[in-house]
Amino acid sequence: MTSTDPLPTVSAPPHPARPIRTFHPRGGRMSDRQTAALTQLWPMYALRVADIDRLDPVDLFGRRAPLVVEIGSGMGDTTAEMAAADPDRDYLAVEVHTPGIANLLDLVHQRGLGNLRIAEGDALDLVRLLPPDSLDAVHVFFPDPWPKSRHHKRRLIQPAHVALLRSRLAPGGTLHCATDWAEYAASMRVTLDADPGLVNLYDGVAPRPAHRPVTRFERRALRVGRPIADLMYRRRLSDV
């Protein structure tokens with residue numbers, strides 16, 4: 001190459017595609033009680049999804065029991081109540097809202113809930129770490145509806161995500177969704193009905209299950225007249 005030759009063009013390496021998140025990372029103010037819970041109780045009851053590369057439920061809970069993953073536990077009151085009423089199953093709550101995680105940690109400690117752990121981070125990343133066929137149930141209660149059309153790609157209940165969740169359910173395991181957003185409920189039904197490995201336990205929307213405590217989102221929705229839709233699907237005993 002001489003001094004008059006043009007310099008070779010070097011293409012910049014392509015940027016890896018950023019994952020489309022189904023949630024808004026959120027902080028928020030915390031009470032002294034919540035701050036203390038986060039500091040003192042995290043090592044006993046919580047984990048950060050980004051810090052692990054595998055997840056063995058037996059190692060996490062110290063026993064072998066049916067496992068429920070709850071995606072989006074909010075402030076944790078409902079999750080704690082369900083875990084307390086269901087001691088024969090283990091519950092793994094996934095949340096990104098720091099005050100909610102802290103509040104649930106405090107509830108776990110105060111109520112002595114040995115069958116409940118909390119994971120901070122992306123629920124889909126956590127589900128990928130779990131072995132196939134390992135879950136008794138997945139709960140998706142009042143996920144962000146992402147109401148604007150341009151944001152629908154961020155919705156949790158869409159075909160690829162449902163296929164992932166179903167693959168981690170044991171045959172006969174349950175995927176239970178609830179929403180107060182009518183358009184999202186209709187979209188959920190279309191998506192869930194289209195998955196060949198799932199079957200609706202009811203003819204459309206399920207009657208409100210007694211085992212699901214009333215959430216803060218639900219109370220707020222009912223006050224303004226938005227109906228609640230529960231959708232309950234079971235993984236087929238043999239995939240088609």
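Colleague: Which residues in helix 4 does helix 3 meet?

Modeller: This is a predicted model, and the contact can be read from both sides. From helix 3, the residues taking part are D77, T79, A80, E81 and A84. Their partners in helix 4 are N103, L104, L107 and R111.

Colleague: Is helix 3 roughly parallel or roughly perpendicular to helix 4?

Modeller: The axes of helix 3, which spans residues 77-85, and of helix 4 come within 9 Å and cross at roughly 30°. Angles under 35 degrees count as roughly parallel, and therefore the arrangement of helix 3 to helix 4 is roughly parallel.

Colleague: Is helix 1 roughly parallel or roughly perpendicular to helix 4?

Modeller: Helix 1 covers residues 32-45 and helix 4 covers residues 98-111, and their axes lie 8 Å apart at an angle of about 70°. Because angles of 65 to 115 degrees fall in one class, helix 1 is described, relative to helix 4, as roughly perpendicular.

Colleague: What is the handedness of the crossing of helix 1 and helix 4?

Modeller: The residues of helix 1 that meet helix 4 include L38, L41 and W42, and those of helix 4 include I101, L105 and V108. The crossing of these two helices is left-handed.

Methods. Residues numbered from 1 in each chain as written. Predicted model: local features only at pLDDT ≥ 70, side-chain atom pairs only at ≥ 80, totals over all residues. Heavy atoms only, no water. Axes fitted to C-alpha atoms, helices over the stretch in contact; angles between N-to-C directions. Helix = DSSP H or I, 4+ residues; strand = E, 2+ residues; numbered from the N terminus. Parallel < 35°, antiparallel > 145°, perpendicular 65-115°, else oblique. Left-handed = near helix turned anticlockwise from the far one by under 90°. Contact = heavy atoms within 4.5 Å.
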